Amino acid sequence: MIAKRLYDTARVLVYDPVASNRNATRASLHSLGYRNVEGVTALDVLANRLMTDPPDLLLAEVAGAESETCGMIQAIRQGQMGDNPFIMVIATTWRRDGSIIGQVLNSGADDLVARPVSTTTLGERVRLLTERRKGFVVTSQYIGPDRRRDVRSDEGGAECVEAPNPLRFRMLENLSEEEVARRMLESVLQGKEKLNLGKVRRDAVQLCLQWRMLEKRDPAARDFCEILSRMGQLAVEMKRRAKLAKHEAGEEWCDSIAGSVRALTEMVARDGHSVVIADYQPALNLLNHATSALGRIFARDEVEPERLVELDRIVAVRNARSAAA
């Protein structure tokens, strides 16, 4: 039977620091038929396992260490925790308040299950994930399942990337384990390429928005260096992803931004409030040129002046709401 192969070969990892809860989850999975189920007790152990031997499905308890656990899920999706950003993740929690729900969903988890959870409910959630896993989207702040109604309108029409589904692969008939592994690897590599380009695209737009903010500031302004720092961080991340995409021109423009950011930061530290604008103009011009070049390369349709004006407006409204909250 197809299901038997899934149950026999799927690798499931359960993270829960509470032994009784961890054992209960493992028992439920065994009752459902899953035979390859392991448990880990600490986040550092979980991190090591994700880096060296990632599972097909992770069930992770977040209560008690919400920020750390959700941060680890984000790191998985961002490609900073192991080689597979598409690990299937079901978060579990004893808390039911809105803050934890939002934190988990924004981390990029596939699903959230409130405890106590019955074997029947757990089996249904895994079945739905196996049969109808959501595609992934990339925004400036998020990589994970496409919850389009939750994606901010300032992110534009983020492309949806099909997420590899290891549990579906485990159900394929008449394939050797080696062939299943090969297909899974190919699917992950293809998905990573699309996610990587999507993230570069989003970061290019963010760089252009940050530049629009910067050019309206005097170098003596309080937040001038804050904006510079954000641009520098974006350039570092973009260079890493441009290198993965083997895009040499993108890497070079990122280096140009980093150099301009360093030069301007040093000038502000030197001058304090005694700023002569003309002294800053050459470095600002270089920064503008490099930022515009990256926008044209990776997100030409989204960095047209009219589009950036609209994004400015949306960001301003969002920030005003956050300040009033």
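The legends below describe the whole protein and then several close-up views of its predicted model.

Residues are numbered from 1 along each chain as its sequence is written, and side-chain values use heavy atoms, with hydrogens and water left out. In this predicted model, local features need pLDDT of at least 70 and side-chain atom pairs count only at pLDDT 80 or more, while totals for chains, interfaces and linings use all residues.

Figure 1. Helices (H or I, at least four residues) and strands (E, at least two) are DSSP runs, numbered from the N terminus. Along the principal axes, the C-alpha atoms fill a box of roughly 75 × 40 × 35 Å. Of the 325 residues, 48% count as buried; buried means under 20% relative accessible area, exposed over 50%, and partly exposed in between (1.4 Å probe, protein chains only). A contact means heavy atoms within 4.5 Å. Among contacts between residues at least 6 apart in sequence, 70% join residues at least 24 apart.

**Figure 2. Confidence is under 50 over residues 150-156.** The score is pLDDT, the predictor's confidence in each residue, from 0 to 100. For the protein, the mean pLDDT is 89, and 92% of residues reach 70 or more. For residues 150-156, the model has 16 contacts beyond four places in sequence.

**Figure 3. Helix H4 (residues 66-77) packs with helix H5 (residues 98-107).** Two packed helices are described by the angle between their axes and the distance between the axes. Here the angle is about 20° and the axes are 8 Å apart. Axes are lines fitted to C-alpha atoms, for helices over the stretch in contact, and angles run from 0 to 180 degrees between N-to-C directions. H4 and H5 are therefore roughly parallel to each other (angles under 35 degrees count as roughly parallel, over 145 as roughly antiparallel, 65 to 115 as roughly perpendicular and the rest as oblique). On the H4 side the contact involves Glu66, Ser67, Cys70, Ile73, Gln74 and Arg77, and on the H5 side Ile100, Gln103, Val104, Asn106 and Ser107. The residues of this contact divide into 4 nonpolar, 5 polar and 2 charged. In this grouping, Ala, Val, Leu, Ile, Met, Phe, Trp, Tyr, Cys and Pro count as nonpolar, Asp, Glu, Lys and Arg as charged, and the others, Gly among them, as polar.

**Figure 4. The count of aromatic pairs comes to 2.** Rings of Phe, Tyr and Trp (its six-membered ring) pair if their centres lie within 6.5 Å; planes under 30 degrees apart count as stacked, over 60 as edge-to-face and the rest as tilted. The rings of Tyr7 and Tyr34 have centres 5.0 Å apart and planes at 80°, so this pair is edge-to-face. Tyr7 lies in helix H1 (residues 2-9) and Tyr34 in the loop between helix H2 (19-32) and strand S2 (36-40), so the pair ties together parts 27 residues apart in sequence. Tyr7 is partly exposed at 27% relative accessibility, and Tyr34 is buried at 5%. The rings of Phe86 and Phe136, with centres 5.3 Å apart and planes at 45°, form a tilted pair. Phe86 lies in the loop between H4 and strand S4 (88-93) and Phe136 in strand S6 (residues 136-138), so this pair ties together parts 50 residues apart in sequence. Both Phe86 and Phe136 are buried.

Figure 5. Most residues other than glycine have a negative phi, and most peptide bonds are trans. The peptide bond from Arg115 to Pro116 is cis, with omega near -5°. Lys246, a residue other than glycine, has a positive phi, near 55°. Lys246 is exposed, with a relative accessible area of 71%.

**Figure 6. Thr130, Phe169 and Gln206 are buried.** The contacts given here leave out residues up to four places away in sequence. Thr130, in helix H6, has a relative accessibility of 3% and is in contact with Met88, Asn165, Leu167, Arg168 and Met171. Phe169 lies in helix H7 (residues 166-169), has 17% relative accessibility, and touches Val180, Arg183, Met184 and Ser187. The C-alpha atoms of Phe169 and Val137, 32 residues apart along the chain, are separated by 21 Å. Gln206, in helix H8 (residues 177-214), has 16% relative accessibility and is in contact with Ser140 and Leu234.
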